[in-house]
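Trainee: I would like to go through the terms used for this model and see what each one rests on.
Mentor: Then ask about them one at a time.

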Amino acid sequence: MTTTAVAIPPRSLTPTIRTVLRRYAFWAVAAGGALLVAVISFLATNAAGSAGPPLAADNPAQAGSMAVVEVLRGQGVTVLPVDTLVEAGEASSAHPNATVFFADPEGYLTTDQLTDVGTLVDRIVVADPDFAALQALAPEVGFGGVSTADTLTAQCAVPAAERAGEISPGGKTLGVAADAAGYTGCFPSDGDVYSVIERTLDDRTLTLVADRAVFANDEIATWGNAALALNLLGADETLIWYLPTLADVPVTGPPSLGALTPGWVTPVLVLLVFTAIAAMVWRGRRFGPLVAENLPVVVRASETMEGRARLYARGNARLRAIDAIRIGAVTRMALAAGLPRSMELDQVIRSVAALSGWPRDRVHAVLVGEVPQSDAALMELSAAIENLEVETIAATRPNGIAPSPSAPPPNGRMDP
Amino acid sequence: MALTGRFVLLLALGVVPLVLLDGTAVTAPVVLAGWVLFALLLGGIDLALAASPRALTVDRVLPTRVRLGETVTSELYLGNTGERRLRGVVRDGWQPSAGAGNNRTAVTLPAGERRLIELTLRPTRRGERTAAHVTVRSMGPLGLWARQATLQAPARIRVLPPFHSRKHLPSRISRLKELDGRTSVLVRGQGTEFDSLREYVRGDDVRSIDWRATARRNDVVVRTWRPERDRRIVIVIDTGRTSAARVADEPRLDTAFEAALLLAALASRAGDRVDVLAWDRRVRARVQGAAGAELLSRMVDGMALIEPELIEMDWTGLPGQIRGITGQHALVVLLTPMDAPGASTGLLSVLGQLTQRHTVLVASVTDPSMAGLTRARADRESVYRAASAERTTLDATRVAAAVRQLGADVVTAPPEQLPPALADRYIALKAAGRL
């Protein structure tokens, strides 16, 4: 018996919190610094990124329109961004002399709502109108395809267009029938299509700008885009910047799943996520390190035998296989017949034929002569060898009983 | 630090206030955050109140040796030198093969007291089994959070070979006594030594009557004989790569150990001197000059740590090793596999040298499954397998024949029967006076 007496508490293999902090202080600081740099650079690059809704008044990205809105505000125009038709209606009734800027690239509004937009105020600027908007607001106007002209010059009497002179080439265009009343087309391309179409009817002015690039941050400063946008939008003291959102879509059918779920469902889900994390920590915390152990490799001795059997089978080594079976059978039969180990094979065949009662030619064919040409012949021959062996050995027993196959083999044990 | 299931439950219970208050989009997150903070606060308090697991002392009481297959009790004394009562769970870090079973024990340790933790070990493998550390998880009074530390507490126990074959020992010893002339049946063999004269009793071999002594006395007197004593036996165990193969789910090496132990026990009872050598390219174990109980204990001690090496056996170095053990004539028992002629060339090359000086006995394990495989020939695969098994058996027979031709004796048997077969052959050699 041995006793390993330890008077003082033994060394702990688990580091204390202080040790962990000291050991990983550098990496923690480094990781924190890297995170800080990442956050700052993300914020810095996000300002010039292309994310955010297009033409939004507060979107500084390339597709947004913050630039033109800020310039207008600097010039003393009150810009009111609104999200829904209801808000737009409220704003227009509060400022009846306002200009409305309207763009619905997602096509949220129905025809009725679009018609309502047309009657909000007297000056309406529509950017990038889709088919429904054209149908509701200016049915005479159709699409004109993409402009192929190298330069787009005003060539019309609309003051804003004249002042702009030229806008950035390319982009969508609109077409209008020549006999339609009140329409003025500006910035024509080949084939009587225009980039800007203005309709003046009963003191109401509707300006259709085919391409929204005129108002977008990335192209506002090129050509005469800025002049066109500022003149179109800055005519009145107030500008209602209306971009429809999902809130404009009329609610139809049964109430949505979100409306039916009780208010506590989301917080409970969040709590369950926390609980799941806690449960993972609970079950995942290891109760001390593993104790390593070198285990032996398990190799069965019969593996070489199995491998040789597979080699025989794959190579169809029938003769080699049956010869092994034959040698084994001949050895056992010779032993049973009381013949010495060194006896000639012919002698053994003669004895076996005599013992088993088989014809000698047959015994010779089974034990030596026959060459199996197919697997079926191999099986047949193997069965014949087995029968011959059983009959021969049974004949050597005094009571004529064949040895049971399950009898243990002779083990070389010698009893004195 | 560790969490408990109780803490998870506490956190999940936050569902109740959330559902009952059924807050709006503003109040619900507040309730949620409040509950999580409450749970964290309780956990933190619990953790702060838990006793330090680092303040524990660890003492072990453990026997140094155990035989494979037997159980042993490991005693672990934990003392609390801290100032708080420690409640928690202790895990004794034994290797898997030490057979510790469920090694987690719940303990309550008041400050300044000691407690005993008993663990029943049932090793499943021979060799040195070690424990590396003791891990203590100390719960707070609420049982929410726990402090955890792993304390260094090394321990080792040597697992000895099982010596299952000792059940054959009594019958073999009684057969030895028959040789010895102590029982009424006298077995007389060539080469046995003259012991004494005694009166004839019915049943004695008439050939052993000493007529001259009978003439001197009125009674008929017979000579008694006793077998030779003080012969040398050298057991060589092959620990090379082929000894790692398993026959009947036991490595050949372990079968060799069983056979060597039985033979050594028997031979030392018969008055012979036994030396054991475990050899591949260097000496793995050597037992020399021991007798009786000490011989066996030294043998199992040395054998416990031997594992088969992934190297080829160096047969050419063996005669020199045997010469170093004894210069006299001895019975050299080689416990080695005899599989294929190719693999046994090393053995065959040195056998001639050994048989010139010594009586050599080669003992080898055969695979008992081979006989069944040669008979099963139901389909194509099994015919080929039967052929392969037959070929393997023939190869082993050829090696055995070659070994016999070089003047050595051969014992082959399945793993269960090899130790008694080897013992029987030893008794036969002794009776024949060939030691």
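Trainee: What span does helix H11 (residues 318-336) of chain A reach, and what is expected?
Mentor: This is a predicted model, in which local features need pLDDT of at least 70, side-chain atom pairs count only at pLDDT 80 or more, and totals for chains, interfaces and linings use all residues. Residues are numbered from 1 along each chain as its sequence is written, with chains lettered from A and ligands numbered from 1 in the order in which they are written. H11(A) has 19 residues and reaches 27 Å from first C-alpha to last, close to the 27 Å expected at 1.5 Å a residue. The expected span is 1.5 Å times one less than the number of residues.

Trainee: Which residues of H11(A) are called buried?
Mentor: Among them are Ala321(A), Ile325(A), Gly328(A) and Met333(A). Buried means that 20 or more other C-beta atoms, placed from the backbone, lie within 10 Å of a residue's own. The cover includes helix H14 (375-396) of chain A and helix H11 (380-405) of chain B.

Trainee: What makes H6(B) roughly antiparallel to H7(B)?
Mentor: Helix H6 (residues 252-269) and helix H7 (residues 292-304) of chain B pack at about 165°, with axes 9 Å apart. The term applies to angles over 145 degrees, so H6(B) is roughly antiparallel to H7(B).

Trainee: Which residues make that contact?
Mentor: Including Phe257(B) and Leu261(B) of H6(B) and Leu295(B) and Met299(B) of H7(B), the contact has eight nonpolar, two polar and no charged residues. Contact means C-beta atoms, placed from the backbone, within 7 Å. Ala, Val, Leu, Ile, Met, Phe, Trp, Tyr, Cys and Pro count as nonpolar, Asp, Glu, Lys and Arg as charged, and the others as polar.

Conventions: Axes are lines fitted to C-alpha atoms, for helices over the stretch in contact, and angles run from 0 to 180 degrees between N-to-C directions. Helices (H or I, at least four residues) and strands (E, at least two) are DSSP runs, numbered from the N terminus. Angles under 35 degrees count as roughly parallel, over 145 as roughly antiparallel, 65 to 115 as roughly perpendicular and the rest as oblique. Two residues are in contact if their C-beta atoms, placed from the backbone, lie within 7 Å. A residue is buried if 20 or more other C-beta atoms lie within 10 Å of its own, exposed if 12 or fewer, and partly exposed in between; C-beta atoms are placed from the backbone.
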